[in-house]
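Trainee: Can we go through this one together? I'd like to start with the charged pairs.

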Amino acid sequence: ITAADKAASRRFNTFIFRYHYLGYQRTAGAQLRYRVVAANGTELAYLAWGSAAWKTTPRDRWIGWTAPQRQERLHLGINNTRFLILPWVRSPNLASHVLGLICRRIPRDWNMSFGYVPVLAETFVDTTRYTGHCYRAANWSLLGQTTGRSKWDQYKNIEVPKKDIWVYPLAKNATKRLCDSSSVKREDR
C-alpha cells in the first residue's frame, strides 16, 4: 500500500484502527504497509513494518552490538509493528504463511522504497493476548522479553505488558553484517 493510493491507505488505517488491539498510530520514519489478498480477491490481512526499536537488550545482546555499532547499523533492522488477520478470516496456518511470504519479499521492497536492504526483522508480541506461535511456525527466534516499559517512558513510571521479542534474519550472516562496519555495502546505506 503506497501513500499515493489514498483509498487503500484509508482502508488500511480503518481496519487497523477497528480491529487491531493497538489501533492505528501514525509512525515516523521508514515504513511499508501490506494488504494480503487471496487469489479470489478476498482480503485476508494487513501488516505494517517500520524502523527497528532503538534499544532492546535481548536483541542487542543476540546481535553482539556495542552502542556505537547499534547507532550506525540500526537502520538495517525493521520492525513488524502491526499484523492483523481480519477477524472473519478462518484459515489454518495463514499467519505463518503470510509471514514467510512477506519476509521473502520485504528486503526487495524496502530497497526499492528506501535505497537499502534490511537484514533483520523483529517484532514484539503481547503474551497477555497472543502466544506468538505464528512467528515460531515461520522460523522466527524468540530472544526474551521486554522490560515492561514504554518507549515514551522517560521517567520510568509507565508500565506496559511485557512482550516477547522475536527476530528473523532476512539475509545470510545477518548478525555479522549488523556488527561489522567494514562489511557495509553500498546497498546497506
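Mentor: Take arginine 129, which forms a salt bridge with aspartate 126. The closest N and O atoms are 4.0 Å apart. A salt bridge here is a side-chain nitrogen of Lys or Arg within 4 Å of a carboxyl oxygen of Asp or Glu.

Trainee: What kind of model is this, and how are residues numbered?

Mentor: It is a predicted model, where local features need pLDDT of at least 70, side-chain atom pairs count only at pLDDT 80 or more, and totals for chains, interfaces and linings use all residues. Residues are numbered from 1 along each chain as its sequence is written, and side-chain values use heavy atoms, with hydrogens and water left out.

Trainee: Back to the pair. Is arginine 129 buried or exposed?

Mentor: Arginine 129 counts as exposed, at 51% relative accessibility. Aspartate 126 is buried, with a relative accessible area of 4%. The cut-offs are under 20% relative accessible area for buried and over 50% for exposed, with partly exposed in between (1.4 Å probe, protein chains only).

Trainee: How many salt bridges does the structure hold?

Mentor: Eight. Arg59, Asp60, Arg70 and Glu122 are linked in a network of them.

Trainee: What are the distances around arginine 59?

Mentor: Aspartate 60 meets arginine 59 at 2.8 Å, N to O. For glutamate 122 and arginine 59, the closest N and O atoms are 2.7 Å apart. Glutamate 122 lies in strand S4 and arginine 59 in helix H2 (residues 57-63), so this pair ties together parts that are 63 residues apart in sequence. Helices (H or I, at least four residues) and strands (E, at least two) are DSSP runs, numbered from the N terminus.

Trainee: Are glutamate 122 and arginine 59 buried or exposed?

Mentor: Both are buried. Aspartate 60 is buried as well.

Trainee: Changing topic. What is the strand order in the sheet?

Mentor: S1-S2-S3-S4-S6-S5, an open sheet of six strands with mixed pairing. Two strands pair if DSSP finds at least two bridges between them. S1 and S5 are the edge strands, each pairing on one side only. The twist averages 25° from one strand to the next.

Trainee: Which sense does S1 take with S2, parallel or antiparallel?

Mentor: Antiparallel, over seven bridges. Tyrosine 34 stands opposite leucine 47 in S2. The hairpin of S1 and S2 has five residues between the strands, and glycine 41 takes a positive phi near 95° there.

Trainee: And on to S3?

Mentor: S2 and S3 also pair in the antiparallel sense, over seven bridges, with leucine 47 opposite phenylalanine 83 in S3. S3 and S4 run parallel and are joined by three bridges. Isoleucine 78 has alanine 121 in S4 as its bridge partner.

Trainee: How many residues of S2 are buried?

Mentor: Eight of its nine, so S2 is mostly covered. H1 lies across S1, S2 and S3, running at about 95° to S2. H4 lies across S1, S2, S3 and S6, at about 140° to S1. Axes are lines fitted to C-alpha atoms, for helices over the stretch in contact, and angles run from 0 to 180 degrees between N-to-C directions.

Trainee: Which residues touch the most other members of the largest nonpolar core?

Mentor: Leu47, Trp49, Phe83, Ile106, Trp110 and Trp140, out of 45 residues. H4 gives the most to this core, with eight residues. A nonpolar core means a set of buried Ala, Val, Leu, Ile, Met, Phe, Trp, Tyr and Cys residues joined through side-chain atoms within 4.5 Å.

Trainee: What is tryptophan 140 in contact with?

Mentor: Leaving aside neighbours within four places in sequence, its contacts (heavy atoms within 4.5 Å) include Trp49, Leu99, Cys103, Tyr135 and Trp166. Glu122 is also among them.

Trainee: Last one. Where does asparagine 139 lie?

Mentor: In the loop between helix H5 (133-137) and strand S5 (141-145). Most residues other than glycine have a negative phi. Asparagine 139 is exposed at 60% relative accessible area.

Trainee: What about asparagine 173 and its phi?

Mentor: Positive too, about 55°. Asparagine 173 sits in the loop between S6 and H6 and is exposed, with a relative accessible area of 55%.
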